[in-house]
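Me: I am new to this structure. Please walk me through its side-chain contacts.

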Amino acid sequence: MFDLPENAYDAASNGNYDEVALTGAHDQEGDVYIFEYCDGQARRSVPPSRLPSFEAAREEAVRCAVELLDDLQPSIKERPGWLVRVRDEKGGLLFAIDVQEADTARRAQP
C-alpha cells in the first residue's frame, strides 16, 4: 500500500502490532493520545486528544474502527491489517485495532 515506512517503528516492525508494550502519559487532566486511521488507501493522524483513561481511548478507537470498517470500499482487494492505531504523546505505539477486532465489536452491538 505504501512504499516507505512511516517511521522508525514501522521500518523495524514485522507488522505484528499485537505485541505492543503498554505505556502512556498521565496527569490530573487525563492522558494524551494520538489517533491514526487507515482506510485501506491512506493513513491519517489527528491532533492529540486528552482522554480520561487508557480504557476511554481504547473504547474510542474501537468505535472509530467499526465506523472505518463500515466505510471500507468493497473494491479494496487487500484490507489493511489495522484500522486505528493509538500512540502516546511521544509517538510510542500503545495499541492497534485491527479488522478482526472491529468486526467482532460491530457484531456485538445491539
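**Side-chain contacts**

Reply: E36, R85 and R87 are joined in a network of salt bridges. A salt bridge is a side-chain nitrogen of Lys or Arg within 4 Å of a carboxyl oxygen of Asp or Glu. This is a predicted model: local features need pLDDT of at least 70, side-chain atom pairs count only at pLDDT 80 or more, and totals for chains, interfaces and linings use all residues. Residues are numbered from 1 along each chain as its sequence is written, and side-chain values use heavy atoms, with hydrogens and water left out.

Me: How many aromatic pairs does a search of the whole structure find?

Reply: Rings of Phe, Tyr and Trp (its six-membered ring) pair if their centres lie within 6.5 Å; planes under 30 degrees apart count as stacked, over 60 as edge-to-face and the rest as tilted. F35 and Y37 are stacked, at 6.4 Å centre to centre and 15° between the planes. F54 and F95 are edge-to-face, at 5.2 Å and 75°. The search of the whole structure finds two aromatic pairs.

Me: Is F95 buried or exposed?

Reply: Buried means under 20% relative accessible area, exposed over 50%, partly exposed in between (1.4 Å probe, protein chains only). The relative accessible area of F95 is 6%, so F95 is buried.

Me: Which residue forms a salt bridge with R63?

Reply: R63 is partly exposed, at 40% relative accessibility. Its salt bridge has 2.6 Å from N to O. The partner is E67.
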